[in-house]
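Subject: Structure handover

Hello,

Here is the structure I promised to pass on. Please open it alongside this email; my notes follow below.

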Amino acid sequence: MNDFGIVTAPDTVRIERLLPGPIERVWAYLTESEKRGTWLARGDMDLRPGGAMELVFHNNRLTDNDVAPPAKYEKYGGELRSHGHVVECDPPRLLVFTWDEEAGGDSQVRMELAPKGDQVQLIVTHSRLASREGMVSVSGGWHTHLGILADRLAGRTPEGFWKTLAPISAEYEKRIPA
């Protein structure tokens, strides 16, 4: 499994991870605010189709061993709130939700879980991205956040969020076609 996400359509990127199981534990890290807050963002999530959800990001506080955000990302260092709605939910295998509705976009995130022995395959597909710049941004973000998730589930201390994001985003800048 390649760590880097792949472009599957002109507006879609998919990233796969193999994570320590069981599947119910990984599901909890996707859906429960406190657990999700250790790798992505806290916030309420009504797990019914049409249910409201909020993601409250604190990227500066995700990891302890970090650097200040690069100038390009300074505005993402403090608290950021993103709102969306659950589109589909089939615990503990599938969660689909809209992303950042208040920004006027209509992108969608699909998270699929499948047991693989004592591990769990997680596939994150972010679709309906409005631009290449958006694809690069969410690819680097998901890659970095999912690395933190993998470390948390394995009981490891994750690398610094900002320390990791900058070189990962630079790599996606090269990999995603113009």
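How many of the 9 residues of helix H1 (residues 23-31) are buried? The count is 7, so H1 is largely enclosed by the rest of the structure. The buried ones are Ile23, Val26, Trp27, Ala28, Tyr29, Leu30 and Thr31. One caution before you read on: this is a predicted model.

**Overall picture**

The chain has 4 helices and 7 strands. Starting at the N terminus, their order is β-β-α-α-β-β-β-β-β-α-α.

The chain has 178 residues, and a compact globule of that length would have a radius of gyration near 16 Å. The chain comes out at 15 Å, which agrees. Along the principal axes, the C-alpha atoms fill a box of roughly 40 × 35 × 30 Å.

Buried residues account for 48% of the 178. The accessible surface is about 8800 Å². Carbon and sulfur atoms contribute 50% of that surface.

Now the contacts between residues at least 6 apart in sequence. Of these, 56% join residues at least 24 apart.

On charge, there are 21 positive and 26 negative side chains. The centres of the two sets lie 3 Å apart.

**Helix H3**

H3 covers residues 132-154. At 1.5 Å a residue, its 23 residues should span 33 Å. The end C-alpha atoms are 33 Å apart, so the helix agrees with that expectation.

H3 is also largely enclosed by the rest of the structure, because 17 of its 23 residues are buried. His145 sits in this helix. Its relative accessibility is 6%, and buried means under 20%, so His145 counts as buried.

Which residues does His145 contact, leaving aside its neighbours within four places in sequence? They are Trp39, Leu40, Phe57, Asn59, Leu62 and Phe161.

Just after H3 comes Gly155, with a positive phi of about 80°.

**Tyr76**

Tyr76 lies in the loop between strand S3 (52-58) and strand S4 (79-90). This residue is partly exposed, with a relative accessible area of 34%. Leaving aside neighbours within four places in sequence, Tyr76 contacts Asn59 and Trp162. Asn59 is 17 residues away from Tyr76 in sequence. In space, the two are 7.0 Å apart, C-alpha to C-alpha.

**Gln119**

Gln119 belongs to strand S7 (residues 119-127). Beyond its neighbours within four places in sequence, Gln119 is in contact with Leu18, Leu19, Gly21 and Ala114. Gly43 is another matter. It is 76 residues from Gln119 along the chain, and their C-alpha atoms are separated by 26 Å.

**Backbone points to check**

Some background for this part. Most residues other than glycine have a negative phi, and most peptide bonds are trans. The exceptions below are worth a look on screen.

Cis peptide bonds:

- Gly21 to Pro22 is cis, with omega near 5°. Pro22 is in the loop between strand S2 (12-20) and H1. Gly21 is one of the contacts of Gln119.
- Pro91 to Pro92 is cis, with omega near -10°. Pro92 is in the loop between S4 and strand S5 (94-98).

Positive phi in residues other than glycine:

- Asp100 has a phi near 55°. It lies in the loop between S5 and strand S6 (108-116). Asp100 is partly exposed, at a relative accessible area of 27%.
- Arg128 has a phi of about 60°. It lies in the loop between S7 and H3. At 37% relative accessibility, Arg128 is partly exposed.

**Where to start**

Begin with H3 and His145, a buried residue in that helix. Then go to H1, where 7 of the 9 residues are buried. From there, step back to the cis bond from Gly21 to Pro22. Keep in mind throughout that the model is predicted.

Best wishes

Methods. Residues are numbered from 1 along each chain as its sequence is written. This is a predicted model: local features need pLDDT of at least 70, side-chain atom pairs count only at pLDDT 80 or more; totals for chains, interfaces and linings use all residues. Side-chain values use heavy atoms; hydrogens and water are left out. Helices (H or I, at least four residues) and strands (E, at least two) are DSSP runs, numbered from the N terminus. The radius of gyration is taken over C-alpha atoms; the globule rule is 2.2 Å times the number of residues to the power 0.38. Buried means under 20% relative accessible area, exposed over 50%, partly exposed in between (1.4 Å probe, protein chains only). Contact means heavy atoms within 4.5 Å. Accessible areas come from the Shrake-Rupley method with a 1.4 Å probe; for residues, only the protein chains shown count as cover. Lys and Arg count as positive and Asp and Glu as negative; His and the chain ends are not counted. The place of a charge is taken as NZ of Lys, CZ of Arg, CG of Asp or CD of Glu. The expected span of a helix is 1.5 Å times one less than its number of residues.
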